[in-house]
Amino acid sequence: MKILVIEDEPELLGVIRQSLQKEHFLVEEAPDFETAIRKIIAYDYDCILLDIMLPGGNGMDILKELKTMRKADNVIIISANDSLDDKVQGLNLGADDYLTKPFHIAELNARIRSVLRRKAFSGKNILELGNVKLDLDERTVSIRDTPVAFNRKELDVLTYFMLNHNRLVLKTALAEHVWGAYADEANDYEFLYSQIKNLRRKLNEHESSLEIRAVYGIGYKMQVI
Amino acid sequence: MKLLNHTLLYLSVSLLGVLGLWAVVFYFFMLQEVKETVDDGLTNYKMFIVHRAQGDTSMLSSNLFGDKNYRINEISAEKAIRVLDTYKDTLIYQERLEQHAPVRLLTTAFVANEKYYELKIISAVINKADLIRKLFLALAALYGVMLASILVVNNFVLKKIWKPFHYLLTQLRNFKLGNTPLFKPAHTSVKEFRELNDSLQSLLQRNSDTYLSQKQFNENASHELQTPLAISINKLELLAERGALTDEDAATVGEVIQALESLKRLNKALLLLSKIENQQFAEEQKVRFNDIFQRLAKDFADLLRFRKVQIQLLEEGGFEKQMNYALAEILVVNLLKNAIVHNIPGGTIVITVSNSGFNIENTGDASEPLDEEKMFNRFYKRSAESGSTGLGLAIVKAIAGLYHLSAHYSFGTGKHRFSIQAGDNGTGQERKHS
């Protein structure tokens, strides 16, 4: 899997690259407009991370270029600009997703996984890990081929963990993902903790091979036993 | 009091003084004039009588006024020499009127047929009381007419003259920093108004410039903060993920990440606030708040269950408002979050939606009313609440202000109550439009 990261901030580029390499992606970099244009014309990528404000030009123009080449559907915009106009314009130009800086690595990871899966499986959208199957379209879960009922939030949490398996998922990242804009109070973590407790209990009861481990008390990691 | 009436008040008082003074002067002047005329008449009459008395001796024996207005008495030569012509005001009994009447009396002496006579001539004089009364009436009428004409002049002329001023006033009243179709000076040839024009224009321009540069600075600062924040958080995440940390170090990393997270939230909230204030949410639609409440009650169901808080949605009416949907949602979420977070286990939240707005009433951890003045301010925190930005209610107020909704807080029977109502009757900040 080849991913192009178009980002002018070298430090940010660095952390994104490190994180992606952990997922065994092939990472290419473009620190400015010119390089980006050259690379998208010359090569095909499975996913492109695109910053909007670039030296030498605007990321939206790259997106337009991609659209004319019919390659815009695997683009995730990463921008410091949280304005609705940008978001709407970006998505209208065919970008697949829009992520506002600062974001969590786990969030970026989950978004990339979604884009890739949509590309790879044009039919069924199923996440499979260990003996757990999660149907993203139907929002159903089966463990050892037996359907198991999860409530909405539990399902969201499980999905997020499965998309980030073997990766550290910070509590804040999880709260933000599941609660979106509503997550802004520290005492939401207690609530999160109770959700994870329920999730663990259900996974155990149905003898799942997935395990959610607490890491240092700052986050969790899902592993296949 | 309007300027128009103000000038009228001063004019009416000063006019009264001026007219009064003028009346007194006029009165005495008039009296003087009348007296001189009467005296001249008496003198002429005297000469006429004296002349006639030389030929007609029968006249010389009228020693009573009777029906004539003169009297002639014979006097001694010595006495006659001492007589000088004297005019004086006196009272004479008039049989016709059966009362004393004021008269002007001329006393003089003359010689006829080598005898000396004293001559007294009277003439009716002006009735002072009558004069005063008539003068007063005339002046009162004049005063009334003057006031009326001033009123008319004020209303028609002054209004016209002050037109540029009122125009400027309207412009100032409607002036809002940041979203001005720039100040338009009034058309006027009056020097003072021209100066006012120029001063206002330069003042507003300066303010606008300052505001714009401040705004830009805020936005850029918030913006530029995003990238270093992203780098810091992500690097710490990678560090923690490497798994080479002791538990103690990892806990520290976790704390740093949380601190950065609150910085991130703060930054986002500030950006949101400045965007609301800059009216960067142009897209509007008809938003039905009942639907938002229904959806959010479902979204928050898990959290409510976890915190053992009962929620109740009473729809007495449908509240609809033309506004940006995202902002409507943020408004409701912030209030609802507030009601959940500051609640007590086993507490309640009652949402009442009517046609004109909605109330959110909740039991709370504070058993005393909060400070309504301060609570909508930025960074108001009533305790050291960790993780709270202190901007939630400031955002509520900004959104309410943008769409002319009133946002109020009240406290009663142990419950905190937030009320959002249509019609701009005061978030305290919005100026009423006349």
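The following questions and answers walk through a predicted model.

Trainee: What should I know about the numbering and the model before starting?
Mentor: Residues are numbered from 1 along each chain as its sequence is written, while chains are lettered from A and ligands numbered from 1 in the order in which they are written. This is a predicted model, where local features need pLDDT of at least 70, side-chain atom pairs count only at pLDDT 80 or more, and totals for chains, interfaces and linings use all residues; side-chain values use heavy atoms, with hydrogens and water left out.

Trainee: How many helices and strands does chain B have?
Mentor: Helices (H or I, at least four residues) and strands (E, at least two) are DSSP runs, numbered from the N terminus. On that basis, the secondary structure of chain B comes to 11 helices and 11 strands.

Trainee: What share of the residues of chain B count as buried?
Mentor: Buried means under 20% relative accessible area, exposed over 50%, and partly exposed in between (1.4 Å probe, protein chains only). Chain B has 434 residues, and the buried share is 39%.

Trainee: Among contacts in chain B with a separation of 6 or more, what share comes from residues 24 or more positions apart?
Mentor: Contact means heavy atoms within 4.5 Å. For chain B, the share from residues 24 or more positions apart is 65%.

Trainee: Which residues of chain B does the UniProt annotation "transmembrane region" cover?
Mentor: The annotation comes from an unreviewed entry. UniProt positions are given in the numbering used here, feature names are shortened, and annotations may be inferred rather than shown by experiment.

Trainee: Is B:Lys264 buried or exposed?
Mentor: B:Lys264 lies in helix 6 (residues 247-277) of chain B. Its relative accessibility is 2%, so B:Lys264 counts as buried.

Trainee: Which residues is B:Lys264 in contact with, leaving aside neighbours within four places in sequence?
Mentor: The list draws on both chains. From chain B come B:Leu229 and B:Ile233. From chain A come A:Pro102, A:His104 and A:Glu176.

Trainee: What kind of peptide bond joins A:Lys101 and A:Pro102?
Mentor: A:Pro102 sits in the loop between strand 7 (97-100) and helix 5 (105-120) of chain A. Omega is about -5° for the bond from A:Lys101 to A:Pro102. The bond is cis.

Trainee: Are helix 6 and helix 7 of chain A parallel or oblique to each other?
Mentor: The axes of helix 6 (residues 152-163) and helix 7 (residues 171-179) of chain A come within 10 Å and cross at roughly 130°. Axes are lines fitted to C-alpha atoms, for helices over the stretch in contact, and angles run from 0 to 180 degrees between N-to-C directions. Angles under 35 degrees count as roughly parallel, over 145 as roughly antiparallel, 65 to 115 as roughly perpendicular and the rest as oblique. Helix 6 and helix 7 of chain A are therefore oblique.

Trainee: How do the residues of that contact of helix 6 with helix 7 of chain A divide by class?
Mentor: On the helix 6 side of chain A are A:Lys153, A:Asp156, A:Val157, A:Tyr160 and A:Phe161; they meet A:Ala173, A:Leu174, A:His177, A:Val178 and A:Trp179 in helix 7 of chain A. Ala, Val, Leu, Ile, Met, Phe, Trp, Tyr, Cys and Pro count as nonpolar, Asp, Glu, Lys and Arg as charged, and the others, Gly among them, as polar. The division is 7 nonpolar, 1 polar and 2 charged.

Trainee: How far apart in space are A:Val178 and A:Lys153?
Mentor: A:Val178 is found in helix 7 of chain A and is buried, with a relative accessible area of 8%. A:Val178 is in contact with A:Lys153, among others. The two are 25 residues apart in sequence, and their C-alpha to C-alpha distance is 6.9 Å.

Trainee: What is phi of A:Arg144?
Mentor: A:Arg144 is in the loop between strand 10 (140-143) and strand 11 (146-148) of chain A. At 47% relative accessibility, A:Arg144 counts as partly exposed. Its phi is positive in a residue other than glycine, near 50°.
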